[in-house]
Amino acid sequence: MLRISFLTRQRTDAVELARSLHSAKLALFLTIEAHTEIELRDDAIVDTPLIHLSGMTKALLYRQVEEHAQAVLGDRLVRTWAEAVTSLDPASTEQLFRLVRPV
């Protein structure tokens, strides 16, 4: 299982992607959070507000989920990454493997 993350500039883009991922049964347990990316420029720090959408998917679906997100948002998708989930409660694990579309 993977926790997959997407960064967008607008909340509306994150919500659009969340709806699409949910409808396609590619991700569950979706959450949205406000984030600030910082960039160091000389002695200054430049803040860039971003929206972080994350959810759970099956490990074998990562490429498919990434391609789906790119198709939905195009250049409005700032960044995508995934992290391995090594432990998840049994009920959530069962739900994830039952509801997420097989490859």
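Me: Is Asp42 buried or exposed in this predicted model, and what is its relative accessible area?

Reply: Asp42 is exposed, with a relative accessible area of 81%. The cut-off for calling a residue exposed is over 50%. Asp42 belongs to the loop that connects β2 and β3.

Me: What is the phi of Asp42?

Reply: The general idea comes first. Most residues other than glycine have a negative phi. In this structure, Asp42 has a positive phi, near 55 degrees, and is not a glycine.

Me: Where does Phe29 lie, and which secondary structure element holds it?

Reply: Phe29 is part of strand β2, which covers residues 28–41. Phe29 also has a positive phi, about 55 degrees, without being a glycine. Its relative accessible area is 34%, and Phe29 therefore counts as partly exposed.

Me: How should I read the sides of a helix such as α2, and which of its residues are buried?

Reply: The general idea is as follows. An α-helix has 3.6 residues a turn, so residues three or four places apart point the same way. In α2, the buried residues are Val65, Ala69 and Leu73. These residues lie on the same side of α2 because they cover an arc of only 45 degrees around the axis. The face turned away from that buried side carries Arg63 and Ala71, which are exposed.

Me: What covers the buried residues of α2?

Reply: The cover includes the strands β1 (2–8), β3 (44–57) and β4 (77–84), together with the helix α1 (11–23).

Me: How many residues does α2 have, and what follows this helix?

Reply: Helix α2 runs over residues 62–73 and has 12 residues. From its first C-alpha to its last, α2 reaches 16 Å, close to the 16 Å expected at 1.5 Å a residue. After α2 comes Gly74, with a positive phi near 60 degrees.

Me: Which pattern do the helices and strands follow along the sequence?

Reply: The protein has three helices and four strands. Along the sequence, their order is β-α-β-β-α-β-α.

Me: How many charged side chains does the protein have?

Reply: There are 12 positive and 14 negative side chains, and the centres of these two sets lie 10 Å apart.

Definitions and conventions. Residues are numbered from 1 along each chain as its sequence is written. This is a predicted model: local features need pLDDT of at least 70, side-chain atom pairs count only at pLDDT 80 or more; totals for chains, interfaces and linings use all residues. Side-chain values use heavy atoms; hydrogens and water are left out. Helices (H or I, at least four residues) and strands (E, at least two) are DSSP runs, numbered from the N terminus. The expected span of a helix is 1.5 Å times one less than its number of residues. Buried means under 20% relative accessible area, exposed over 50%, partly exposed in between (1.4 Å probe, protein chains only). The arc is that of the directions from the helix axis to the C-beta atoms. Contact means heavy atoms within 4.5 Å. Lys and Arg count as positive and Asp and Glu as negative; His and the chain ends are not counted. The place of a charge is taken as NZ of Lys, CZ of Arg, CG of Asp or CD of Glu.
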